[in-house]
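Colleague: Before we discuss details, could you put the model up, so that we can go through its open spaces, its helix packing and its backbone together?

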Amino acid sequence: MSPLLLTRNFGDAQALSLEGYEAKGGYQALRKALAMDPAALVEEVKRAGLRGRGGAGFSTGTKWGFLPKEDGLPRYLVVNADEGEPGTFKDRPLMEQDPHQLLEGIIIASFALRASRAYVYIRGEFRQSIARMDEAIRQARAKGYLGAKVMGSAFSLEVSTHPGAGAYICGEETALLESLEGHKGQPRLKPPFPAQRGLFGRPTIINNVETLCCVPHIVGMGAEAWAALGVEKNGGTKMYCVSGQVAKPGVFELWHGTTLRALIQEQAGGPLPGRRIKAVIPGGSSSPVLTADEIDVRMDFDSLMKAGSMLGSAAVIVMDDSTSLVRALHNLTAFYSHESCGQCTPCREGTAWLHKILTKIVNGQGAIADLDRMNSICEAMVGKTICVLADACAFPVQSFTRKFRPEFEEYIKSGKRWSLTGWREESPAPGFGGGH
Amino acid sequence: MPAITINGKPLEVPAGTNLIEAALLAGADVPHFCYHPGLSVSGNCRMCLVEIAGNPKLQIACNTPVAEGQAVLTESPKVKAARAGVMEFLLLNHPIDCPVCDCAGECFLQDYYMQHDKAASRLEEPKNKKRKAQDIGPHVMLDTERCVLCSRCVRFTDEVSKTHELGIFGRGSREEVGLVEGTRLENAYSGNVVDLCPVGALTDKNFRFKSRPWFLEETETICTGCSQGCNMVLDINPHAFNKVGAGRAYRSYPRFNAAVNGHWMCDEGRYRFPLIDEGRLSEPQVTGLLATPERAVMALAESLKALGAPLSILLSPGLSLEELAAWHWLSLKLGASAILASELVPQGKGDGFLIQAERSPNRKGGLLLGLAEKGARDAVSQARAGKGRLLAVSAGDLEPALEGALLGLLSTHSSPACSAAQVALPLAVWAEQDGVFVNRMGLAQRAKQALAPLGSALPAWDWAWRLAKQMGFEACYASQSSAIFEAMGADHPALAGLSHQTLGAQGALVREGK
């Protein structure tokens, strides 16, 4: 069975208190880290091969290395806890079940980065996460783990939480910074990258919650031992979220690189009785969909890339033969067209247009040519915008209509509408306008 | 300087230049909506995507600085496909109401559609509806359906006027430009957003539905509303009748000059152009009655010969250098004292940006010619007391200060003072003649003739010349403003070597202190 690191305190109410967390070995890694040279800490994380758990899978140590030399002015660590990718629910339990683990990671990372200010940008709906993090920060501050001279060292740190206001795009790191500064959440042009000019125009490192939760374990057990828990270039353990039509949906911590099939069958209890898996989204709703035949892929960044999809936030959404993929895709485009920030032309117009076409199709008024039209719209969107929201909408449209084209054609040819209670014959209500 | 190639053409470009500007140097026009050289880069329209060798993703030219060895393609198949895609997206929900849109004929969407798209719309679904014809300020109307959300206007109010009235509200395809709650677009520079708008979303109330732009003639000139001398373009309708109140001038808008006004001009200057047609003095008057120019000149010459008291000639600092010089010369011939009447012109309030407290456009020029500034008020009261004679040459700005009987008044605009004067002669306004003005920084700039003088109006130098002839003086400088200007160089070292031609479109600094 897999070693439990990140989730080892899950379900244990004692771990919510600083004493309880310490009793289970908490804050030992911080002690160890404070005795190290910050540069050596960055090297340690680099050697562990930790890759960002927010979705991009970029080397965390390398990212930390991008910070320019200290100039005596502020530099920031920002924690991206705006978990909003549909199907993703790993950061929330990490904050709610073991807030001190994240906080320890934040303190170690801030020390390594020589940042004396850290912000935890938490999705606004996560009231419990915000409350638990605030309480953990209060406890740690009282104990001297935060504030001036952390644990008697020369290092000082203040951490505060900041609630988001409900925009998916604020999970994009530069939109998050805009929001944190009090502006409308819209991604910034890059360059300059946040490591050069980030929050309030100062060098800033933005890390995902799960990424930072890995840091105390890397420091505690050593980079090599941690890396050995996973597969090559994908070290450590990984949180996997499984939702959709499976017997036991949930969040599972496994060694990095388990197969998708094993994850669904062994951890999530396989499909519901009498049902067959039809399609699986492996890495959050933005990742290209896989067919039931493609799920023997290993769940790490590189393997899924090779399989034409991506690990993303490791949010697995399973759809069985009772699901209409036409309606599922319609649901996805509704989300992305609603959440597009509206800044870039291809995303603003493209996401909404795709949704209009799919609305027409699900209402039984589609044409086969609409499928090709949608794909050419996707081509005009992918890779042409400031951030990847346009791609995130285009990838599912391209993969759904390519891999499940017969289902789409059948739906269109039938001229009928499909609803949760089955096929409907009557003509649909007008489906346009004011949908959001 | 980094050496790069644009479409295979090698060139060296100063470091820091972006690829839109660099491409222009190579003669390649990279289409763009949101980029504007006077504003920060927002990079949101995605129209300026170009291909850079070695980079699999297209890059926006506006936010990419030149780098040594860069090979840029602005017309590759990939670039063209991306552009056509952006054009399709921008036109997707656009109302295509060009037949009733003021911007038709000078619209980026129209131009780029012809250059880069030319495809029929593939939209089979209903278009988005947004708010139209919104009155957002004293000068500007907003149509959010036509808007391409480039954010130029928003950036202008944030970065240039710094008044922050505009914002983009909502998200995704529901996004709309609008006013920040509780504000109106009422800043002193609001008209600039109309020029900035690449489409017909922001239109000028003053120009709305007045004319198609292709019926208008452009003249590159300057604003004479204050001592800044902002460079601008004046659009006139050559088909309008040459008569008072006919409205020959249609609009004015700024012209780039880095040393003077950058890309901008103030509303006060922009909306001064109706004065070209309104309230003008168009025919000479003798004792308040209409007269032919010949008779009026004769009458004035007669009274100048029989003065009986010392004559003061008040010259407005709103006149051109040529006009001032001609009257300076004539006053010497007449033995009169010429006074640059700056103290009679009310001052305004400066704003530390373009608007100057010194409202006269050519005070510096008058001083440069050696005109005295003192004694204008005294001359007025002396004349009123019957102890002196007074003649005023006004750019429509001296009249409020003129009281009592005038021997002669030359003015652009009609006023009670015209009928009170023994002889009143109509002057051409700055837009009706070629003239040079020296702004507060000592930059000599040309105001070019955009239209023929109204009625019998003439430039002040022309009246001076006619009057001199009538009085039997030897011909003064010349009978053409460019020749007058060149001749002035002999008397005034500061202007030596300058000509209308050498001043060019951007003006030249006069040599001060000489």
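Colleague: Which elements of chain B each supply at least two residues of the lining of the second largest pocket?
Modeller: Bear in mind that this is a predicted model. The pocket in question has a volume of about 1,000 Å³, and of the 34 residues that line it, the closest to its centre are A:Glu178, A:Gln186, A:Gln343, B:Ser42 and B:Arg155. The elements of chain B that each supply at least two residues of this lining are α4 (152-159) and β8 (166-169).

Colleague: Which element gives the largest share of the lining of the second largest pocket?
Modeller: By class, the lining of the second largest pocket divides into 10 nonpolar, 14 polar and 10 charged residues. The largest share of that lining amounts to four residues, and the element that provides them is α4(B).

Colleague: Which elements give two or more residues to the lining of the largest cavity?
Modeller: Sorted by class, the lining of the largest cavity has five nonpolar, four polar and five charged residues. The elements that give two or more residues to this lining are α14 (345-362) of chain A and α2 (77-92) of chain B.

Colleague: Since α14(A) has come up, are α14(A) and α16(A) roughly parallel or roughly perpendicular to each other?
Modeller: The axes of α14(A) and helix α16 (residues 389-403) of chain A are 9 Å apart and meet at an angle of about 25°. Angles under 35 degrees count as roughly parallel, and α14(A) and α16(A) are therefore roughly parallel.

Colleague: In chain B, why is α8(B) described as roughly perpendicular to α13(B)?
Modeller: Helix α8 (residues 321-334) and helix α13 (residues 481-491) of chain B pack with their axes 9 Å apart, at an angle of about 70°. That angle makes α8(B) roughly perpendicular to α13(B), as the class runs from 65 to 115 degrees. Here B:Leu321, B:Glu322 and B:Ala325 in α8(B) meet B:Ser481, B:Ile484, B:Phe485 and B:Met488 in α13(B).

Colleague: Finally, where is A:Pro191, which a cis peptide bond joins to A:Lys190?
Modeller: Most residues other than glycine have a negative phi, and most peptide bonds are trans. The cis bond between A:Lys190 and A:Pro191 has an omega of about -5°, and another cis bond, with omega about 0°, joins A:Pro191 and A:Pro192. A:Phe200, whose phi is positive and near 50°, is found in the loop between α8 and β4 of chain A. As for A:Pro191, its place is the loop between α8 (173-180) and β4 (204-208) of chain A.

Conventions. Residues numbered from 1 in each chain as written. Chains lettered and ligands numbered in written order. Predicted model: local features only at pLDDT ≥ 70, side-chain atom pairs only at ≥ 80, totals over all residues. Heavy atoms only, no water. Nonpolar A, V, L, I, M, F, W, Y, C, P; charged D, E, K, R; others polar. Axes fitted to C-alpha atoms, helices over the stretch in contact; angles between N-to-C directions. Parallel < 35°, antiparallel > 145°, perpendicular 65-115°, else oblique. Contact = heavy atoms within 4.5 Å. 1 Å grid on protein atoms, 1.4 Å probe; cavity = no way out; pocket = protein on both sides within 12 Å on 5 of 7 lines; lining within 4 Å. Points joined across faces, edges and corners; volume = space filled by probe spheres on them.
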